[in-house]
Amino acid sequence: MTAVVEHNKNGGIKVSKPNRGQRVLKGLLIGSAIFTVIGFFLMDYTGLDLTHAIPMTIDNLGQMFLSPSLNNTTWPSALWQVAITLSLAFLATILGAVISLFLAFGTAVNLSKPWISNTIKAFITVVRAVPTVLWVLIFAIAAGLGAVAAVIGMIFHSIAYLVKAYSEAFEEVDQGKIEALRATGSSYPHILFQVVVPQTKSFLISWTFLRFEINFGVAVAMGAAAGAGGIGYELFMASTFYYDMQEVGAITLIILVVAIILELIANRLKMAA
Amino acid sequence: MSKTSTINANEITIIQKKNLYLLLTVVVIVGLIMLAGYITEYSHVEGIMSIPAAMSWMASNMWFSQSTLSNLGSVMRLLWETILISIVSTTTAAVFAVVFALLGSKLTYINKPLMYAAKIVASISRNIPVVAWALILVISFGTNSMTGFLALFFGSFGFLVRAFLETIDEGSEDSVEALKATGATYWHTIFKAVLPDSMPQMFSWILFMIETNIRSATLVGLLTGTGIGYLFDLYYKQLNYEMVSLITLAIVLAVLVIEAISNIIRREIL
């Protein structure tokens, strides 16, 4: 009997054999590399002049970050705009969080019936598939461009995100504790608010804040693209109407600072959870 | 007898305290909601009223006429362009993100200054919103795919570095330690431990990023006049709501199909 020893290309002994998942992954990596290269040739480059565009971008970036200044607006007003954007994000997050909490009770498989859970999940998948800006613009047809359309539009995506996060946290709750309360004859709300919510509180807070951080970025975008006001609108005006790179730079820096502060708080909360 | 009564008294104060905290939290949150509502001039009544109005609008514009359906070709072409930009920008960003994540991870960093530099670059790229990138780039690059590509590239790059960093830090600690103990070189640990260990999870993040980018591409397109977002904006401003809902439906279907494909791939590789 000869021992079967497989050799690799260099003549060494093959010590491992890729499993199905690894082979699929390898195929996918090669496939996406090829697709990316081909993709670059398929894109539409009409009107693109790189020799002109690259130096101009560098020049713009230089003006933005080396000499930022607010020329068409004042500091107090810019900070007020930041407050508006933060408020839009806060409203969408907190209202979304309250609705999500109840939907998540229905979605978590250990707290609910399968058909309710699946219905909510299907609803959420569709809600998430519509880009936020389209939700906002659709609501703007009914409510007019402004804070109402922006907040309601942003709530939809916040719900889609938070229900998934919350229900996954709820599913982690120790089944024994829920059973123990059931055995004592506790009502359904009792189980939810005496066991499930207290047990997952730090997760809920950390996920909600993470969504707040995301919603700040979204609120900036809605200001620029959907007339929701706030610092995003200022950014849009500075770049498309005034062509004022210094102001674009100053506003971008303000947004950057706020976003980094939010990210640091979110990380801190995540560590604590 | 007196002992039980003191325990009861303690329990009552604990419950009272708990209720007090709860009440305070609720009061603070409601206060913040009212403050935010005042700042943004947001009206809750109007907000709730707009939901049924928007729903009935959607229902009434779902029935497409022949002239609307004849535009399906151009919708599909621009949708394809948008999907293409999303995928290509994500994969390109992923290549750079892997390098930066390796430089920034506490397991695989080369030296400390480079580690902090990698993290800071990623943080800046991530925290400048995609809209800002789009508005900055459209000035010099004009209205073509390159603008959308670059805007999505910068946004995805920063996010992917953060995701990859977490993947590397969580997944490969044991195998890196094992390989280091056998005296493996730096490149050995990278290519034999870190990358094989974290690749499936990283690919899953790439899929997530592609899904996100298709939605962001719509937004970027709206601002830069490219892709499906431009088409949406065009018909939206013409108040051609049948086209608006056709385009929305096309985007929804595209995202759902891509999500379904992603889920199949995830099941295979994870």
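The model is predicted, so local features need pLDDT of at least 70 and side-chain atom pairs count only at pLDDT 80 or more, while totals for chains, interfaces and linings use all residues. Residues are numbered from 1 along each chain as its sequence is written, and chains are lettered from A and ligands numbered from 1 in the order in which they are written.

- The domain assignment of chain B gives domain 1 as 2-60 and domain 2 as 66-269, with bounds that come from an automatic or database domain assignment.
- Between the C-alpha centres of domain 1 of chain B and domain 2 of chain B there is a separation of 37 Å.
- The contact between the chains takes 62 residues from chain B and 62 residues from chain A, where two residues are in contact if their C-beta atoms, placed from the backbone, lie within 7 Å.
- On the side of chain B that touches chain A, helix H6 (residues 130-141) of chain B gives the most, with nine residues; helices here are DSSP runs (H or I, at least four residues), numbered from the N terminus, and strands are E runs of at least two.
- By class, that side of chain B has 41 nonpolar, 16 polar and five charged residues, where Ala, Val, Leu, Ile, Met, Phe, Trp, Tyr, Cys and Pro count as nonpolar, Asp, Glu, Lys and Arg as charged, and the others, Gly among them, as polar.

**Helix packing in chain A**

- Two packed helices are described by the angle between their axes and the distance between the axes; the axes are lines fitted to C-alpha atoms, for helices over the stretch in contact, and angles run from 0 to 180 degrees between N-to-C directions.
- Helix H5 (residues 132-143) of chain A packs against helix H6 (residues 147-171) of chain A at an angle of about 140 degrees, with their axes 8 Å apart.
- H5(A) and H6(A) are therefore oblique to each other, given that angles under 35 degrees count as roughly parallel, over 145 as roughly antiparallel, 65 to 115 as roughly perpendicular and the rest as oblique.
- H5(A) passes H6(A) in a right-handed crossing; a crossing is left-handed if the near helix is turned anticlockwise from the far one by less than a right angle, and right-handed if clockwise.
- Among the residues making this contact are A:Trp135 and A:Phe139 of H5(A) and A:Ile152 and A:Phe156 of H6(A), and the residues of the contact divide into eleven nonpolar, three polar and no charged.
- Helix H7 (residues 175-183) of chain A and helix H8 (residues 188-225) of chain A pack at about 135 degrees with their axes 10 Å apart, which makes H7(A) oblique to H8(A).
- The crossing of H7(A) and H8(A) is right-handed, and the contact is made by A:Lys177, A:Ile178, A:Leu181 and A:Arg182 of H7(A) together with A:His190, A:Ile191, A:Gln194 and A:Val195 of H8(A).
- By class, the residues of the contact of H7(A) with H8(A) are four nonpolar, two polar and two charged.
- H8(A) also packs with helix H9 (residues 231-240) of chain A, at an angle of about 45 degrees and with the axes 6 Å apart, and the two are therefore oblique to each other.
- The crossing of H8(A) and H9(A) is right-handed, with A:Val220 and A:Met222 of H8(A) and A:Tyr233 and A:Phe236 of H9(A) among the contact residues.
- The contact of H8(A) with H9(A) has nine nonpolar, two polar and no charged residues.

- B:Asp233 is found in helix H10 (residues 227-237) of chain B and is buried, with 20 other C-beta atoms within 10 Å; a residue is buried if 20 or more other C-beta atoms lie within 10 Å of its own, exposed if 12 or fewer, and partly exposed in between, with C-beta atoms placed from the backbone.
- B:Asp233 and B:Gly221 are twelve residues apart in sequence and 8.8 Å apart in space, C-alpha to C-alpha.
- B:Tyr230 also lies in helix H10 of chain B and counts as buried, with 21 C-beta neighbours inside 10 Å.
- Not counting residues up to four places away in sequence, B:Tyr230 touches B:Gly221, B:Leu222 and B:Gly225.

**Positive phi values in loops**

- A:Tyr243, in the loop between H9 and helix H10 (245-272) of chain A, has phi near 50 degrees, a positive value in a residue other than glycine.
- A:Tyr243 is exposed, with 11 other C-beta atoms within 10 Å.
- B:Leu239, in the loop between H10 and helix H11 (241-269) of chain B, has a positive phi of about 60 degrees although it is not a glycine.
- B:Leu239 counts as exposed, with 9 C-beta neighbours inside 10 Å.
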